[in-house]
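The entries below follow the order in which I looked things up.

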Amino acid sequence: PGTEFINTTAYPQLYGDPDIKYLGRGIFIYSSIMLKKFEASTVAQTLCVHRSVDFGHTWAGPFEVPSATNPHGLVDGSGNAQDAADKELIDVDLDTGRVLVVWSNFTSVVPGGVEISTTFSDDAATGNPPTWSARRVISDGLRYSQAAVPRFAGNGSTNVYASWMRAAAGFQAAIVFAKSTDNGGTWGAPFDLSSEFTVMDQVLGNDRVTNFPSLAVDVSTGLHSRNIYVVYSDNDASDGADVMFQRSANQGTTFSAPAALNSRPGTDRAQWFPAVTVDTDTGRVWVFYYDQGIDASGDRTETTALYSDDGGATWSNPFPISSRPFHAGHGNDSSQPNLGDY
């Protein structure tokens with residue numbers, strides 16, 4: 001419960017878009033949106049973290065991320081903070097303990113209305129509260145961008161990567177990539193990892209769909225160590241969406257051409273919300289996604305997986321990991337049957 005009040009409303013209030021990472025030694029960091037008391041009767045939408053030092057049994061926080069709180073200093077006519085932090089995702093460098101937060105700063109200052117922003121903490125595991133670096137903006141701000149995911153390269157490297165979706169004209173989007181070579185202190189210019197593609201169709205039983213990417217780095221000691229993998233949904237084939245995969249074997253300098261991973265690209269129904277991860281021991285690459293290809297109509301859905309043991313060159317056949325197909329919105333009586341935004 002909040003300890004500050006505006007009239008009878010307690011602040012801070014905790015909201016969604018959560019992410020969680022393990023720092024080792026029993027310590028977890030959990031990030032989310034936070035609405036805080038800004039002035040005597042006004043509020044700001046910012047970010048916070050919670051911390052557990054006992055494997056998640058108890059939690060401390062919320063700890064505000066000050067770099068995300070109204071960075072342009074503008075207020076609306078009522079005095080509320082005009083900037084709003086959203087869609088925060090985090091990662092931890094297991095070599096140094098640095099925790100990096102990347103988020104979307106909604107603001108009227110830039111033409112696209114959104115700045116992909118970053119900050120980091122080197123004492124997230126111990127600080128009361130943790131301290132955070134000054135905000136860095138890594139997008140051009142000219143086009144609507146959203147849902148940036150960060151990943152440290154690990155294994156002694158000082159590289160950090162981020163990928164997000166940007167909007168294009170009409171029903172088009174593209175996937176963007178940016179790289180830091182000094183552990184998130186500064187960032188190079190972002191570039192389009194993919195060409196522009198048709199955004200996915202609406203999916204039965206899922207109130208809100210997107211083309212946000214997922215990003216993973218191979219931190220194992222195997223043959224494909226330091227490879228970078230990106231997956232996202234692409235509807236150029238006009239069957240709802242297909243899961244596309246791209247990889248870099250040269251630390252983000254270049255990427256392979258997009259390749260569809262689902263079994264019948266362009267000929268069935270939507271495969272969407274893909275996620276990619278890499279086994280830290282073996283280097284096996286896993287991709288998971290929602291899949292409505294089981295039927296020709298309706299909202300029956302499966303969670304599908306496939307894997308690669310050669311750095312994404314070849315893949316297993318996709319297979320369902322849900323015990324049986326489920327109705328996407330079944331049991332959700334709210335007005336938003338969300339299966340997740342990313």
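I took helices (H or I, at least four residues) and strands (E, at least two) as DSSP runs, numbered from the N terminus. The model is predicted, so I noted that local features need pLDDT of at least 70, side-chain atom pairs count only at pLDDT 80 or more, and totals for chains, interfaces and linings use all residues. Residues are numbered from 1 along each chain as its sequence is written, and side-chain values use heavy atoms, with hydrogens and water left out.

Entry on the background. I recalled that most residues other than glycine have a negative phi, and most peptide bonds are trans.

Entry on phi. I looked up F273 and found phi near 50 degrees, a positive value in a residue other than glycine. F273 belongs to strand β21, which covers residues 271–278. I recorded F273 as buried, with a relative accessible area of 10%; buried means under 20%, exposed over 50%, and partly exposed in between, for a 1.4 Å probe and protein chains only.

I then turned to N155, where phi is positive and near 55 degrees, again in a residue other than glycine. N155 sits in the loop between β12 (145–152) and β13 (160–167). I recorded N155 as partly exposed, its relative accessible area being 36%.

Entry on peptide bonds. Which form does the bond from Y11 to P12 take? I found it cis, with omega near 5 degrees. P12 lies in the loop that runs between β2 (9–11) and β3 (13–14).

I also found a cis peptide bond from G61 to P62, with omega near 5 degrees. P62 is part of strand β7, residues 60–64.
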